[in-house]
Amino acid sequence: MLAASEVLSPLRDGWFLQNAWLAPVVPTIGFAFIILFGKRLPKKGSEVGVISMLASLVLASGAAWQWIQRVGDAGEEQFVSPVIRTWTWWQSGGMEFTIGQHIDGLTVVVLFVVAFISTLVQVYSLEYLRGDRRYTHFFAALTLFSAGMLAMVIAEDMILFLLGWEIMGLCSFMLIGHWWEDGANSRAALKAFFTVRTGDVGLLVGISILFFAANEWTTTNLGVSGFSIRGLSAWALSGEPNSTVILVAAIALFIAAIGKSGQFPLHTWLPDAMAGPTPVSSLLHSSTMVVAGVFLVARLYPVFFTGLDILGPSSNVIMIIAAITIVTAAALAFVQTDIKRVLAYSTVSQLGYMMLGLGAGAWLPAVFHIFTHAFFKACLFLSAGSISHSASHHSFDMKKDMGGLRKHMPITFAAWTVSTLALCGVFPFSGFFSKDEIIDNVGGNGYTFFMVVGLGGAFLTAAYMTRATYLTFFGESRGAAAGEHGGDEHDAHAHDAHDGDNATATHDSHDTHRGPHESGVLITAPIAILAVLAIFSGLFNATPFGESWEYMKKWVEPRAVEVISESHSGGPGEAFVLAVPNAESGYSDSPCGKETPKDGVCYAPQVNHAKFKWSKALLSLAIVFAGIAISWMLSAAFYGRRDPRLVGLTERNVIARTGYRLLANKYYLDRLYERGIVSAIVGPLARSAYWFNQQVLDGILHAVARVSRAAAQVVYRDIDQRLVDGAVNASADVTKAAGTTVQPIQSGRVGHYGALLFATAAVAALVFVILNT
Amino acid sequence: MLTSQFLLLGAILFCIGVYGVIARKNAVLVLMSIELILNSVNINLLAFALRNGSADGHTFALYIIAVAAAEVGVGLALVLLIYRNRRSIGLDELSEMRG
Amino acid sequence: MTLLASSAAAWTAPVIDYHAIAPEIVLAVGLTVVLLVDLFTSERNKWLLSALTGFSLLGAALPVLTLALHEDSVRSLFDGRYVVDEFSLVMKGLFLLAGYVIVLLSSSHVEEGDYWRGEYWFLLLTSLLGMVMMASSRDLVSVFVALEFLSIPAYMLAAWRKRDPKSNEAGVKYFLLGVFASAVMLYGMSLLYGVANSTLLVDISKSIDLNGDFAAVQALAVVFVVVGFAFKVSAVPFHTWAPDTYEGAPTPVTAFLSVASKAAGFIALVVLLLTAFPEGRDVWQPFIWVLSALTMTIGNVFALRQSNLIRMIAYSSVSQGGFVLMPLAVAGGAAGEAALRAVVVYLVVYAATNLGMFGVILAVSRKTRSGDIASMGGLFSYAPALGVLLTIFLASLAGIPPLGGWIGKFAAFQALLTEATPWAYGLAVIGAVNSVIAFGYYGNVMREVWMRPVPHGDNSAIVTPSSLRIALGITALATLVFGILPGVVLHFGDMADLVGAFGG
Amino acid sequence: MQMIRDYNWVLSVGTFLPMLGVLVLLVTPKANEAAIKTVALLTSIATVIVGVFTLLNFNFDQAGSMQFVAQTDWIPVIKSTYFIGLDGISLPLYLLSMVVTLLVVIYSLDHIPSPGNPKAFFVLMLILQTGMAGTFIAQDLILFFVFFELVLLPMYFMIGVWGGEQRQYASLKFFLYTMFGSALMLVAFLAIFFKTGAESFAIPYLVENGGGIAKNAQVWIFAGMFIGFAVKVPMFPFHTWLPDAHTQAPTQGSVILAAILLKLGTYGFVRIAIPTLPDAAVEWAPWIGGLAVIGIIYGAFGCLAQTDMKRLIAFSSVAHMGFVMLGISTLTSFGVNAAVFGMVAHGLITGMLFFIAGSVKERYHTLEIAKLGGMLTQVPRLGWILGLCSMASLGLPGLAGFWGEFPAILSAYNPADGLNVTVYRTYMVIAALGTVFAAAYLLWLYQRTAFGTPKNHDHHDLHDVNTYEWVAWLPLLVAIVAFGVAPNLLFSIIDPAVQETLRAFGG
C-alpha cells in the first residue's frame, strides 16, 4: 500500500530528454554534408563524421543523465513514463500517423552505447583507413549507419523503426562491400543484405498484422495509432488481443529478429560479412547493428510476452532458436583460422544469449548484456584490426600470420585479454555480471535445460577464446608476424586497404618494413577506453553486491505497474502526461502480463528476478575456468610444442578424427546435431529437419538465388515469351491466315462474283422467307 | 385474271436470266441474260399493274425499258472496248486483278 | 382501257417548285454547257472545262444553302415522289462539295493524262446529278432512275483509260455486276409494287408488315432490294467488284466511287429501310447485322494482305462500309433517328478523310508512278507536309481521336448501343475488335511513311499543283475540325430528319 | 461532390499551352535546330510555370473536391461536355506530367536520338504532354477518351522512328495492344452512358448514378473498362507490350512511358472504373488483386531472367504496378492512397532509372549487364545515382518507393467490406515476398553493373554525368528523397480526394 503523496511526485524532463530526437538528426545532416562536400574538406569529410558522432554522443549522454534524474524523482512503484514527442508524418484513410521519439530506459541505454561506440570506431577508422580510396564514402556510410540506428532506437512508431532498420541494412550492404573491386566482398554484401531482407518480410507482415489488430483499441483507449510502440505494448497486455493473431505477429517479428541478429538458421551471412573493413565489423557486425534484432524483441517485449507466452510452462520458439544458436555458433568458432570469423561466430552465440534471456523472461539481464557485450566485443574486433594493421600485413589468419604478438603490441594484448575474460564471463569482468545473470535467471524461471545449454555455451566460449588468444599472442611468431613479407594475400589486401594516393603507398611500405609493432594512438586509444569499460561496465548492475548496485534495474527496467491514462496524445512537442497510478496496484504483485488490468493499462509485463547465489555463480565460474584450462593445454600442446601425441592425432585416432571432422565441417556438425538432439526429441521431424539444415546452412541465399533464377528463366522464356507473348503474336498470324483462307472469294472472275452475289441473295431470301412464314 | 401465270412466267424468265449471267462466259450473252431479267421484271410490273388497276406499273415498266436501252448501249460499248484491246470477249480472261 | 382513260381525265399538270429543284437544274445546265464548250474549244483552252465544272457544282450548292436557310424546310413535289427535306439537303450539300473536291483532285491529273477531258467532266457532273436526285427520291421509280443516272456514267468513268486493259476490266466488271445487281433489285421492287400497289415509299411502308398471305413475297422483295443497294455500298459478300474496279479505274475516279457513289448507295438504303420497310425490320435488321459483321471483318482481313495501296484502300473502304451499316442493324425502332444521324455523320467524315487521303496518294504518285505501299517509303523524310497529312488521314480512318474518324465510329457505336440488346453489344464488340485490326494496315502505311527508307533513295521533292493543295487543305481542315469540335458534324446529322421515316 | 470554379481557365491553359508550342514549332524551319530547341524548352517551362500557378492556387483544405472546374458545351448532341477539374488525385499526376516533360526536353537538348530531326521529336513530345495532362483533368468520359487516345500516335512514332532495332515491331505492338483496350473501353463507356439513362458523360454524374445499374450489367461494363485500363497499366496477362516498347523506345520515350503513360491506366481505375461501378468493383477486386500479386512475383522473375539492363527495368515496372494495383484492389482509402502515391513514386524512380539506362547506353554503347561493370570506378556519380535509384526502387524506407509499397502491402491485410479477408492476407504475404525479390534483382543488377572491375577498355566517350543530365535529373532525385522523408507532402493532398472517391465503399 502506498500513500498518494509518494506516488504523486512529478517527473522531471530536461532539454536533453525533450530533444533526444536530435541524436539521429545530427548524423543525418552530417552524412548529407559529407556526401556533398566531403571530398573538398581537408580531412576528406572524416572530421564531419567524428564531430557529428560526438554531438550525438553528447545528446545521448545528456539524455541518459536526465533520464536517471527522472527516474530518481519517481517513487519506488511509480511508472516512469517515457518522454514522448510526436509530429504528424503522414495520413491515410483519414488517420494521421506520427513520427516521433519514445525515450525510456531501454532507449537511453542503447542510444548511449550506439553513440559511444560509433564515436570510438570513427576515431579508430581515421587511422585504420587512412588513404583508402573511398575514405570519404566510408565515413559517409558509417555516419548514415549511426543515424539509422539511432533513429531506430528512439523510434516512437514502428514505421520509423522500420526506416532505421532498413537504413542500417543498406549501410551494412555498402560497408561490407566497401572494397567491392573484389567480387567476394560484393557477393558477401549482397548475401548479407538479401538474407536480412528475407527476414524483413517478417517485419513488414508483423507490423501490418499488429497495426490492424491493435489500431482500433489504441486509438480509442490511448489516442495513438496502431503503429505506436507504447500503444502496442499496452494493447498486448490489455487482454484484448486474439491469441492467434498476436502469436502470428510475434513469430513474424521474431523472424525479422533472426535475420538481423544472425540467429540460427539465418546466421550464415554474419561470418561472411567480415569481408568488410574491421571497424565495420566491430561497429555494425558485433556491437550495434546486429543487436537490432534483440532490441526489437526487447522493445516490443509485451507483444512477445503475450504472443509467445513467455514465462509460460513450455519453452518458446525464442529460447529454442537461441539455444541452438549458442551451441552451434560456439562450436563453429573452434574451426576458424580467421580471427575475425572466430569473433563473428562468438558474436552470433552471444546474441543467442541475449535472445535466450529475452525468451526466458530475463529482460533486464539481456538488455544489460547488450550493454556490456557491445564494449568488449567492439574492443576485441578493434584489437584484431590493430593486429592486422600493424603486425600481420592486413592478414587475419591466426595460424599463418600471427603468434607471439604479446611482446610486440602490449596495449592490444592487454585489451584483448581483459575483453576475452569479460567475454568468457570471468569475475569481476563485465561479461560475468550480464551473462551469468542471464543463465541464472533462465534457471530461475524454471527452464533448467536451457540453463544447462547456457552453461555449456559458456564452457565452449571460454575454450575457443582461449584457443584464439593462444594462437594470436603466444607461441612463436609465424608468417607476417615474424616479419616475413606476406605473399600475394598481403598485396591483394594492400590493394584493398591502401589504394591510390602516394601517402598511403609510403605509409604502407613503412609499416611493412618495420615488422610487427604497436599501432598508433588513434587506434590504441579507443581500444584502451573500450577495455576499461570491458572491465568496469559490469558494475552498472552488479547483482552480487546487493540491491544497491542494481542501477540498471532501477533506471532501465520499466516498472510493471498498472497506469490510469488520461491523455496520451502527444501532440507536436507536447510531452506525454500520465496520471496517478492507482494506489491499489502494488509492485511485487502487479497484475501486468498475468491478468487483464482492471482499470488502466500496463506498459510492461511483470518479470521475476532470480536471487543471486554465490554457489551458482561459482559453478559457472568453475565451468568457465575449466574451459580455459583445457583449451589452453590443448592449444599449447597442439600448436605450441607440436606434441607428437597430439599432432596428427586426427589421422590416427578414430574418435579424435571424427570429432575433428565434426567441427571442421559444419555439415557434420549439423548431422551430429540432427542425430543427437533432434531425433532424440522430435524423432518424426528429424528427416525434415535434416533436409532443412542441409538446404538452409548450405547457404540459404545461394539456394534461393539459384532456384529463383532458374524459375525466372522458365517463367520468362517459356511462359512470358512463348505463352503469353506467343498468344499475342499468334492472334496476328491467325488474322493473316484467315485472309489467305477466304482469298478464293476474290477470284477476279465476273462469273464467280455474280454467282456469289446471287447465291447470297437467294440464301438470305430463303432464310428470311422461311423465318417469316 | 391470270396474274399468277404472268408472275410464274416472270419468275422463270428471271431464273433463266440469272442462270445466263452466272453460267455464260461470253459478255454479249451475259448482257442478253440481264435483259431477260429486266423483262421478267417488266412482266411482273405489268401483271401487277393490271391486277391492281393502277398506272404506276406501266410507268415503271416504261422507265425500265428506257434505262435498259441505255445500259445496253454502254454495255456494248464496253464489250467493243475490250474486244479492241484483247481480241476476245471472254469474261474469264478478265481476271488480271484478283486477291 | 377505261382505266387509262380515267387516269388521263384526272391528269393535271403538277405545280413544280423550281426553288426546290434548283440544284438539279443548275447541274443540268452546267453539264450541257460543259458539253457544248467542249465541242467548241481548242485543246489549249480545255482547262476551262474543269473550271466550269467546279463553278456549276458551287453554283448548285448555292440553292441548297438557300433552301436550308428557308424556313419551310420540307418541300414535296410530284405528290411525294420527290421530297426536299433537311436530310436530302445535307446529302446534296455533301455530294456537291465532295464533287468539288474531286474536281480539284482530278483537274491536274486529267490535264496531264491524255484523257477525253470534256467527256470526263460531263460524266462526272451527270453522275453527281444522279446522286443529288437520289437524295430526294421517295418513290421506287425515282430511286431507280436516280440510281441508274449515277451508275451508268460511273461505269464509263471506271473504264476511262480506254487503252489500259486494267481499266477496261474494271469497267466491265463494275458494269456487269452493277447491272445484274440492279436487275435483282428491280425484281424485288416489282414484287414490292405488287404487294403495295404503289411505288410511293410511304405507301409501301403501310403494307409491308410481314404478315398476311404475302409475307413470304414481302420478305423476298425486301431482301432483293437490300441486296441491290448492298452491292452499291460494296457490303461483303457483294463487294467483290470494288477492289478490282478501284484498282483498275483512274485514281480520281476511284476516289469518286469510293466516296460519292458509296454515299449515294447508303442514303438510298437508309431511305428505303426507314421510310419503306420500317415494319419489315425483322427481315432486314438481322440481314444487315450479318452483312455489317462480315463487311468489317472480311474487308479488314483482305486489306491486311494487300501490297497495292489502292487495293488496300479499296478493302479499307469496304470495311468502313461495315461500320456505316452497323447502326442500321438496330435502326427501325427507337434507334432509328440515332442510326440515321450516325450514317450521315459517318458519311460526311468519311468523305472528307478519304478524299484527303486520295489527294495525298495522287500527289505522291505524280512522283513515284507506282501503286505499291512500299512506294510511300520515307515520305516523311522528303515531303514532311504530305507525310503528316497522310498520317492524319490514316489515323482518322483508324478512328483515333482527335481526328474526324473517331466521331464517325463513336456515333455508329452510340447508335448501335441505344438498343441495349445482346445482339447490339455483340456487333459493337466485333466492331471494336475490327477497329483495332484496321490499324494493322493503316499503321503499316504510316510505318512506310515514317520509319522506312526511301525506295531507290531519290529524295527529289514533290511538286503539288495548287488545286491539289487546296483540296488537301479543305479535307485536312475538315478532318481536324470534325474531330476536335464534333458538334459541327453531329449537328448536320441532328438536323437531317427524314420525312416519312419514324412514322412522321 | 463540391465544385470550386475559381481560376477555371488555368487548367485549359496548362493543358493546351504545349499545342501552342507545336504550332510555333511547325512554322520554325527544320534546319534551325537551335530555335527549335529553344521553342520546345520555353514551351515546357511556360507549361510548368502554369502548373506551379495551379499548385499555388490549389485549395489544399478542400483537396477532396474538384477545383478549377470549367464546364462548357462541347458535343451537345451526345450530351458530352468540355468538363475539366482537378482534385487531390489528379493534381500530383497532372504536375508530374508537366515536370517530366520539361525534364525530358532538357535532357533531349543534347541527346536527340538518331535519326535526329528534333523538330518532329519535340512536336510529338509536346502533343504527348497535352494528351497526358488532359487525361488527368478530364471529368467527362468522352473527353477522357479523346485525351487517352491522343497519347497513342505520338508515342507510336516516338518508338517507331527513334527507337532501337526492333522498333517497328515494338511500336506496332504497343499501338495495337492499347487500341484494343481502348476500343472495348469506349464500348463500356457508352454502355454505362445508356445504362444511367443516357443523361450525361460527366464522371460526377455517373458516380452518382452508376451504382443504380444492375450488378450483372455492372460486371460486364467493368470488364470492358478493365481491359482498357489493364492493358495500359499493364497488368499481368496484358503486359507483353511493355518490355518491347520500353526496350526499343528512345530514352525519352521510355521515361515518359514509365513516368506518365502507365499511370493513365491506374488513374482510370481510381477515377472512373471503381467509383462509377461500385458493385462490379467489389466483384472484380479479388481478381484484380490476384493478377496484381501474380504481376509482382512474375515481374520479379522476369527481371531476374534479364540480361539487358533496360529490359530489366521495364519488367520491374510490371512488378511495381502490381503493388499499385494491389492497393487499388483493396478498395480501401488506405490502399488507394498507397496506390496513388505509388504511381507518383514509380513515375519518379523508374523514370529516373530509364534516364540512367539511356546515359549508360550512350557511354558504353551496350546495355548488356554482362558487358557492364565497374561503373563506380569509371563514372562514379552515375554509379551512385543508379545506386540511389535502385534503393528507392526496392522500397527502402526514407525514399519515395517505400510509401507506395509498404502501405499497399499493409492495406491488403484488411480490404473493404465484402472482400474475402483470407484471400487478401495471402496476397499480402506474397506481395511482401515480392519485396525480397525486388531487392534481389535490383541489387544483383547493381552489383554487376556498378561494382567489380570495368569490363570495357575504350574510355574515349566515357564521361561522368554532364550538366544537362544534372539539370534534368536533380529535380527527380530531390523529389525521390523529399517524398520519402516527408510523405505527407503527397498523402495530405491525396487522402481527402481518395476518401471522396471511395464514398461508395464507406471510405
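Two residues are in contact if their C-beta atoms, placed from the backbone, lie within 7 Å. This is a predicted model, in which local features need pLDDT of at least 70, side-chain atom pairs count only at pLDDT 80 or more, and totals for chains, interfaces and linings use all residues. Residues are numbered from 1 along each chain as its sequence is written, while chains are lettered from A and ligands numbered from 1 in the order in which they are written.

**View 1. Chains and confidence.** Of the 5 pairs of chains that touch, chains A and D have the most contacts between them. Chain B and chain D share no contact, and their closest C-alpha atoms are 25 Å apart. The model has an ipTM of 0.83 and a pTM of 0.87. pLDDT is the predictor's confidence in each residue, from 0 to 100. Chain D has an average pLDDT of 90, with 98% of the residues at 70 or above.

View 2. Chain A contains 32 helices and 4 strands; helices (H or I, at least four residues) and strands (E, at least two) are DSSP runs, numbered from the N terminus. Of the 773 residues in chain A, 58% are buried, meaning that 20 or more other C-beta atoms lie within 10 Å of a residue's own, with C-beta atoms placed from the backbone. Among its contacts between residues at least 6 apart in sequence, 77% join residues at least 24 apart. The mean pLDDT of chain A is 78, and 81% of its residues reach 70 or more. In residues 1-8 of chain A the pLDDT is below 50, and the stretch has 13 contacts beyond near neighbours in sequence. Residues 486-513 of chain A also stay under 50 in pLDDT, and the model gives them 36 contacts beyond four places in sequence.

**View 3. Where chain A meets chain D.** This contact takes 41 residues from chain A and 43 residues from chain D. On the chain A side, the elements that give two or more residues are strand E1 (83-92), helix H7 (158-176), helix H8 (183-221) and H31. H8(A) supplies the largest share, 14 residues. By class, the side of chain A that touches chain D has 22 nonpolar, 12 polar and 7 charged residues. Here Ala, Val, Leu, Ile, Met, Phe, Trp, Tyr, Cys and Pro count as nonpolar, Asp, Glu, Lys and Arg as charged, and the others, Gly among them, as polar.

**View 4. Where chain A meets chain C.** Chain A puts 22 residues into this contact and chain C puts in 30 residues. Helix H31 (700-742) and helix H32 (750-771) of chain A are the elements that give two or more residues to the chain A side. H32(A) gives the most, with 12 residues. That side has 13 nonpolar, 8 polar and 1 charged residues.

**View 5. The largest nonpolar core.** This core has 738 residues, and those with the most contacts inside it are Leu111(A), Val294(A) and Val223(C). A nonpolar core is a set of buried Ala, Val, Leu, Ile, Met, Phe, Trp, Tyr and Cys residues joined through C-beta atoms within 7 Å. Helix H14 (residues 336-368) of chain C gives the most to this core, with 22 residues. Not counting residues up to four places away in sequence, Val223(C) touches Ala761(A), Ala764(A), Ala765(A), Phe768(A), Val283(C) and Phe287(C).

Note on methods
A residue is buried if 20 or more other C-beta atoms lie within 10 Å of its own, exposed if 12 or fewer, and partly exposed in between; C-beta atoms are placed from the backbone.
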